[in-house]
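This report goes through a protein model part by part, with the sequence and the structure alongside. Keep both in view while reading.

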Amino acid sequence: MVRKIEMKPVSRRDILGFAGAAAFAVVATSLYPKAAGAAPADVDAAVKALIGSSETMAGRITIELPQIAENGNTVPLGFEIESPMSDSDYVKSVSVFADKNPFPDVATFHFTPASARAKISTRMRLAKTQNVIVVAQMSDGSVYMAKSEVKVTIGGCGG
Amino acid sequence: MAKAKARVKAPKTVAKGEVFQVKTLISHKMETGQRKDKAGEKIPRMIINSFVCKYNGEQVFACDWHPSISANPYTAFYLKASKSGTLDFIWTDDEGSVFEKSADITVT
């Protein structure tokens with residue numbers, strides 16, 4: 001009895017398809033390692049710990065951040081909160097978060113009516129492309145929130 | 001005790017009620033605690049975690065810093081001129097080292 005072995009030629013297209021799928025799998029796993037710094041959920045938790053169950057409102061916050069930061073080690077950050085800054089109505093504190101840094105907290109700034117303007121410029125580190133979130137707490141208890149995305153070319157948290 | 005050089009820029013004279021900008025800069029490496037040395041050991045965290053500005057002894061501005069603040073932290077903020085006196089700037093780091101700087105201000 002003669003066994004007939006059928007050999008189908010492997011087409012170039014088949015090889016490309018297989019290689020493509022394999023490459024996609026490798027990229028997908030390397031892009032999303034399980035413990036890659038802080039997840040956005042951590043930021044939500046941090047914001048919640050700060051403001052409790054208060055509702056956040058949009059507006060009154062102007063964030064000054066570059067759209068693209070070449071060096072994540074020193075990213076110029078500026079913000080201004082619209083407020084009369086009078087004795088009865090002023091910005092109490094402003095907290096800044098970065099949702100994909102190893103620690104999402106960046107800084108908290110405490111203002112007083114003597115600050116006159118709730119405006120800051122400083123420099124921050126960004127590990128990778130991510131959102132920067134600014135949460136402002138007013139003296140009357142209201143909370144405002146704004147965010148801005150920064151694309152980072154070279155990350156700035158060491159390795 | 002770590003060494004740090006602080007620089008402050010504030011106007012010497014301001015009109016009463018005027019809002020003026022204060023710029024502060026302090027040299028500090030702000031070690032994040034994330035970096036590793038050549039042997040692969042983590043370099044311990046060592047940052048300035050608090051900055052306070054006092055106007056005639058009264059706290060008018062403060063910040064809490066986390067490792068995401070850049071090395072040699074720079075901060076510019078605003079104050080309103082009320083009366084002549086001193087501005088005191090106080091930075092505190094993780095080791096408890098305190099760095100101080102003050103500036104005189106004349107309000108006309």
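## Chain A in outline

Of the 159 residues of chain A, 32% count as buried. The model is predicted. Chain A contains two helices and nine strands, and along the sequence these follow the pattern α-α-β-β-β-β-β-β-β-β-β.

## Strand pairs within chain A

Strand E5 of chain A covers residues 91-98 and is mostly covered, with six of its eight residues buried. E5(A) pairs with strand E8 (residues 130-138) of chain A in the antiparallel sense, over seven bridges. One position to look up is A:Ala98, whose bridge partner in E8(A) is A:Val132.

E5(A) also pairs with E6(A), again in the antiparallel sense, over five bridges. In this pair, A:Val96 has A:Ala107 of E6(A) as its bridge partner.

Another antiparallel pair in chain A is made by strand E4 (residues 75-81) and E7(A), joined by seven bridges. Here A:Ile81 has A:Ala118 in E7(A) as its bridge partner.

## Where chain A meets chain B

How many residues does each chain bring to the contact? Chain A gives 27 residues and chain B gives 25 residues. On the side of chain A that touches chain B, the elements that supply two or more residues are strand E6 (105-110) and strand E7 (118-124) of chain A. The residues on this side of chain A divide into 12 nonpolar, 10 polar and five charged.

Strand pairing also crosses from one chain to the other. E7(A) pairs with strand E6 (residues 74-80) of chain B in the antiparallel sense, over two bridges. A:Ser121 stands opposite B:Ala76 in E6(B).

## A sheet built from both chains

The pairing of E7(A) with E6(B) is part of an open sheet of six strands, in the order E2(A)-E4(A)-E7(A)-E6(B)-E3(B)-E1(B), with antiparallel pairing. Which strands form the edges? They are strand E2 (61-64) of chain A and strand E1 (6-9) of chain B, each of which pairs on one side only. On average, with direction ignored, neighbouring strands of this sheet are turned by 15° against each other.

## Strand pairs within chain B

In chain B, strand E4 (residues 48-55) and strand E7 (residues 85-93) run antiparallel and are joined by seven bridges. B:Phe51 stands opposite B:Trp91 in E7(B). E7(B) also pairs with strand E8 (residues 98-107) of chain B, in the antiparallel sense and over eight bridges. B:Trp91 has a bridge partner in E8(B) too, namely B:Phe99.

E7(B) and E8(B) form a hairpin with four residues between them. B:Gly96 lies in the turn and has a positive phi of about 90°.

## Two residues with a positive phi

Most residues other than glycine have a negative phi. A:Arg60 is not a glycine, yet has a positive phi of about 65°. A:Arg60 is found in the loop between strand E1 (56-57) and E2 of chain A. A:Arg60 counts as partly exposed because 17 C-beta neighbours lie inside 10 Å.

B:Asn72 is not a glycine either, and has a positive phi of about 50°. The place of B:Asn72 is in the loop between strand E5 (58-65) and E6 of chain B. Is B:Asn72 buried or partly exposed? B:Asn72 has 16 C-beta neighbours inside 10 Å and so counts as partly exposed; the cut-off for a buried residue is 20 or more.

A:Gly155 lies in the segment after strand E9 (143-154) of chain A. A:Gly155 has 19 C-beta neighbours inside 10 Å and therefore counts as partly exposed.

Leaving out residues up to four places away in sequence, A:Gly155 touches A:Gly72, A:Ala127 and A:Lys128. A:Gly155 and A:Asn131 are 24 residues apart in sequence, and their C-alpha atoms are 14 Å apart in space.

How values were computed: Residues numbered from 1 in each chain as written. Chains lettered and ligands numbered in written order. Predicted model: local features only at pLDDT ≥ 70, side-chain atom pairs only at ≥ 80, totals over all residues. Contact = placed C-beta atoms within 7 Å. Nonpolar A, V, L, I, M, F, W, Y, C, P; charged D, E, K, R; others polar. Pairing = 2+ DSSP bridges. Axes fitted to C-alpha atoms, helices over the stretch in contact; angles between N-to-C directions. Buried ≥ 20, exposed ≤ 12 C-beta atoms within 10 Å, placed from the backbone.
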